[in-house]
Amino acid sequence: MKLRQTVADFTQSLPLPTEAVSAALRVTVSGRRQVMVEYHKGLLGYTRETVEVNGGTTRLKVLGRELELRAMDRETLIITGRIAALEYE
Amino acid sequence: MRPSRQWLCGWAEVSVTGLRPVVFLNRCVEHNIPFEQAEPMDECTLRVFLPNRLTAEAQSVAGRCGCTLEILRRRGGQPVLHRLRRRLVLLVSAVMALGLLFCSTLFIWDIQVADNDSALADREILQVLEDAGVGIGTFWPGLSSDMIRAAVLSDLPELQWLAVNVRGSRAQVVVRPAVEVPPLREEDGCVRIVAEHSGVIESIHVQEGEALVGVGDAVLAGDELVSGLRSGGAETFRPVRARADVVARTWYEFTVQTPLERCEKHPTGRKKHRFALIFGKRRINFYFDSGILPGECDKITRIRPLEWEGVFTLPLALVTETLIPWTGSAASWPEEALAHAAEDALIEALERQLGEKGEIAALHFDRAVVGDMLVVTLRCECLQPIAREEPVSLPTDTNEPVEDTVWTEPSQWIG
């Protein structure tokens with residue numbers, strides 16, 4: 001954990017955009033109808049109310065109603081529906 | 001995937017059942033199986049859309065995830081073709097229809113003239129084009145633009161340039177009118193200036209010839225204003241081409257009569273529709289007594305060609321004629337409105353008479369009702385150029401050139 005923290009501190013100190021030096025999840029929320037998640041590592045759970053996305057070191061939970069996985073590929077997934085909240089675990 | 005492309009490739013709606021169907025989605029991503037609109041039906045079942053061609057691979061992936069994959073339905077172009085394999089006649093007919101459609105796009109089925117600013121009517125241009133081999137049913141890949149242009153422009157000198165653009169069986173003819181070459185001014189010959197209209201001379205500027213009238217003189221139409229003979233001294237005269245700007249004060253009176261009552265149309269409320277088909281140049285009417293309209297009625301004709309705008313046009317068009325019968329009744333119009341319309345018409349006629357260089361100095365309107373007619377009279381005073389060149393016939397009993405001839409008496413030339 002200490003090594004990971006050190007690497008994270010080092011990359012943050014570099015004069016580069018964060019997304020260029022880390023593989024962290026990039027989440028784009030468009031209004032309340034669509035969420036686009038990039039650099040994911042797959043799905044962990046999927047119901048009409050919750051979509052759990054594996055982000056490697058973290059887990060993103062999209063909460064809402066009538067959620068639907070519109071499209072998914074190796075890097076990106078698009079979730080549509082009535083988005084209520086996003087939670088990180 | 002766009003709906004049209006999705007339809008052409010074909011897609012399958014499948015349900016995946018298992019303990020963790022979400023694993024199936026992750027495996028699909030790993031195996032590059034694109035999917036769309038994944039929707040959970042319950043905790044153990046997912047509904048998802050997959051490309052048709054990848055359902056077998058998806059089935060094996062589902063098996064490896066401990067899920068079962070069931071194809072609910074297949075849609076799109078590929079499944080339709082697959083089903084048509086059993087119906088050979090239908091398949092052949094569809095292929096033939098597509099072939100005919102393609103072949104029909106190689107012929108001209110509609111031809112129109114665009115941006116025709118020339119003095120020629122569209123009909124005349126189309127007639128000459130047809131004589132040159134461009135008409136309905138022409139095989140357009142065999143046409144040569146240069147040949148068409150050469151054939152048409154030689155027959156229609158009123159045109160300077162012509163192009164035929166064919167797009168989806170529709171030919172559009174674009175024409176440009178020829179620029180009219182102004183007539184060259186002849187310096188030879190004897191010309192005098194006469195009055196085009198009666199009036200009182202306001203100004204006269206003579207560039208060539210000898211003025212016969214002065215400012216303030218009253219002249220009648222046809223009176224000679226500037227002589228075509230110039231005095232050469234010792235009672236000799238030389239024929240010249242007279243040139244002069246003569247402006248005169250003229251007077252005009254125009255009268256127009258318009259009825260106070262007019263016939264107004266009242267539709268009876270009954271409509272009659274007639275149909276016809278135009279196939280190439282032939283028209284097939286689905287009614288009798290084609291040219292006879294039943295009493296007083298308006299006819300609205302609508303032609304709907306069988307086409308896909310910009311893609312293809314078929315030589316088939318549906319004609320719908322709507323006949324709207326009406327009855328006429330006399331209705332009186334407001335006198336003021338009629339008078340204004342008449343005055344506008346009179347001013348328009350006056351402006352045509354004066355031309356571009358003339359101007360109105362004063363005008364006055366008079367109105368009178370005579371019987372059931374409204375009579376509007378325009379009286380006006382104008383300033384306008386009245387000089388008109390008139391060639392003079394010279395005696396032909398001399399062989400000498402005109403410019404070298406010296407005439408001793410003006411009575412020898414005839415106006």
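In which loop of chain B is B:Phe286 found?

1. B:Phe286 is found in the loop between β18 (282–285) and β19 (297–308) of chain B; strands (E, at least two residues) are DSSP runs, numbered from the N terminus. The model is predicted: local features need pLDDT of at least 70, side-chain atom pairs count only at pLDDT 80 or more, and totals for chains, interfaces and linings use all residues. Residues are numbered from 1 along each chain as its sequence is written, chains are lettered from A and ligands numbered from 1 in the order in which they are written, and side-chain values use heavy atoms, with hydrogens and water left out.

2. B:Phe286 counts as exposed because its relative accessibility is 52%. Exposed means over 50% relative accessible area, buried under 20%, and partly exposed in between (1.4 Å probe, protein chains only).

3. B:Phe286 also belongs to a nonpolar surface patch of about 480 Å², together with B:Phe275, B:Phe279, B:Ile284 and B:Leu318. Such a patch is made of residues with over 30% relative accessible area and no salt bridge, with nonpolar side chains (Val, Leu, Ile, Met, Phe, Trp, Tyr) joined within 5 Å and like charges within 9 Å. A salt bridge is a side-chain nitrogen of Lys or Arg within 4 Å of a carboxyl oxygen of Asp or Glu.

4. B:Pro177 lies in strand β7 (residues 170–177) of chain B and is partly exposed, with a relative accessible area of 28%. Leaving aside neighbours within four places in sequence, B:Pro177 has contacts (heavy atoms within 4.5 Å) that include B:Asp117, B:Ser118 and B:Glu158. B:Trp161 is 16 residues from B:Pro177 in sequence and 7.1 Å away in space, C-alpha to C-alpha.

5. Over all chains, a search of the whole structure finds four aromatic pairs. Rings of Phe, Tyr and Trp (its six-membered ring) pair if their centres lie within 6.5 Å; planes under 30 degrees apart count as stacked, over 60 as edge-to-face and the rest as tilted. B:Trp11 and B:Phe49 form an edge-to-face pair, 5.2 Å centre to centre with 65° between the planes. B:Trp11 lies in strand β1 (residues 11–17) and B:Phe49 in strand β3 (residues 45–51), so the pair ties together parts that are 38 residues apart in sequence. Both B:Trp11 and B:Phe49 are buried.

6. B:Tyr252 and B:Phe254 form a stacked pair, with 6.0 Å between centres and 10° between planes; both B:Tyr252 and B:Phe254 are buried. One aromatic cluster is formed by B:Phe107, B:Trp109 and B:Phe139.

Note on methods: Areas by Shrake-Rupley, 256 points an atom, 1.4 Å probe, with all protein chains shown as cover. Helix = DSSP H or I, 4+ residues; strand = E, 2+ residues; numbered from the N terminus.
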